[in-house]
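Okay, thanks everyone. Today I'd like to talk about salt bridges, so let me put the model up on the screen.

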Amino acid sequence: MAKIQVFGHKSPDMDTVASAMGAADLLAQQGLDTEAVAQGKPNAETQFALDYFKLEALPVIEKATTEEVVLVDHNEAAQSVDNLADVTVYGIYDHHKFNFQNATPLYITAKPWGSVSTILYYEYKQAGLTIPAKIAGMLASGLISDTLLLKSPTTTDVDREALPELAKIAGIDDIEAYGLAMLKAGTDLSKKSDEDLLEGDAKSFTMGGHDFRIGQVNTVDIDDVLKRQADLEKAMKASGYENFLLVITDILNSNSKAIYLGDVAAAVENAFDKNLVDNVIDLPGVVSRKKQVVPPLESQF
């Protein structure tokens with residue numbers, strides 16, 4: 001058994017899985033005994049990349065089984081393993097705001113870039129280490145996913161520089177074609193349950209004493225998802241969260257709408273300067289939860 005497990009947040013997305021794989025390999029090349037694991041099964045987008053690069057899905061855990069761990073793509077306890085308080089965090093690679101408390105010194109690499117995959121590309125480069133082709137493919141996929149093929153407002157010049165380099169190492173000849181195919185693989189929602197849509201990419205936040213669950217689902221047709229609104233709302237109520245916001249994002253046109261259930265509707269309307277109509281709020285130009293959804297809510301509360 002490895003001495004250090006490396007994992008991302010609950011409901012793992014493409015960047016989470018890719019960065020767990022990348023960080024585990026990077027640290028292993030530097031002499032640490034690591035194992036990449038995940039807090040859930042891969043979503044459709046991630047499975048597409050795993051199949052493309054002929055890789056197995058990461059082992060799934062609920063609790064860490066090593067004394068030391070490395071966190072990627074998250075730093076908040078609510079998004080991490082259930083026994084985080086009982087283990088030592090050796091290090092963190094992240095691109096989110098920090099809400100982390102720890103009793104011991106640790107390594108932290110945090111950059112305001114579009115993906116943790118981007119951060120790891122430069123960590124390899126700085127360390128003078130070779131990125132295995134399949135790992136490079138996963139990192140390229142994580143970068144594509146989190147920046148929506150470099151179209152998200154979270155995209156930086158660093159991401160734009162890293163993607164073609166990762167693609168070259170991975171043997172991806174047409175980044176645009178591969179990226180669109182991967183993103184579209186994640187938008188086939190017909191076989192997903194209401195719970196899958198709500199929790200496939202969801203995170204918990206506390207804002208001004210209010211608990212929020214914010215999920216996001218990517219699609220090429222927002223109305224297709226809204227046809228399921230009644231059933232989605234039943235599932236949202238059954239989830240037990242105080243406030244639930246499901247952001248439905250059109251990845252082709254870079255727009256979103258969101259379904260909101262909770263007791264602070266007026267504050268949600270004020271945060272986005274839009275009205276809720278039948279529990280749905282229009283979010284034109286919004287594609288990033290991290291940069292365009294969470295900050296206005298935090299400012300409001």
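I'll go through a few of the charged pairs here, one after another.

First, a reminder that what you're looking at is a predicted model. It holds eight salt bridges, and I've picked some of them to walk through.

Let's start with K97 and E76. Their side chains meet in a salt bridge, at 3.2 Å from N to O. Where do the two sit in the chain? K97 is in the loop between β4 (88-94) and β5 (107-110), while E76 is in the loop between β3 (68-72) and β4. That's 21 residues apart, so the pair links distant parts of the chain. As for accessibility, K97 comes out at 37%, which makes it partly exposed. E76 is at 10%, and counts as buried because the cut-off for that is under 20%.

Next up, D157 and R160. Here the closest N and O atoms are 2.8 Å apart. Why are these two about one helical turn from each other? Because they're three residues apart in helix α5, which covers residues 157-170. D157 is exposed at 52% relative accessible area, and R160 is partly exposed at 40%.

Last one: E199 with R213, a salt bridge with its closest N and O atoms 2.4 Å apart. This pair also links distant parts of the chain, with E199 in helix α7 (residues 194-199) and R213 in strand β7 (residues 210-219), 14 residues apart. Buried or exposed, what about R213? Buried, at 8%, whereas E199 is partly exposed at 25%.

How values were computed. Residues are numbered from 1 along each chain as its sequence is written. This is a predicted model: local features need pLDDT of at least 70, side-chain atom pairs count only at pLDDT 80 or more; totals for chains, interfaces and linings use all residues. Side-chain values use heavy atoms; hydrogens and water are left out. A salt bridge is a side-chain nitrogen of Lys or Arg within 4 Å of a carboxyl oxygen of Asp or Glu. Helices (H or I, at least four residues) and strands (E, at least two) are DSSP runs, numbered from the N terminus. Buried means under 20% relative accessible area, exposed over 50%, partly exposed in between (1.4 Å probe, protein chains only).
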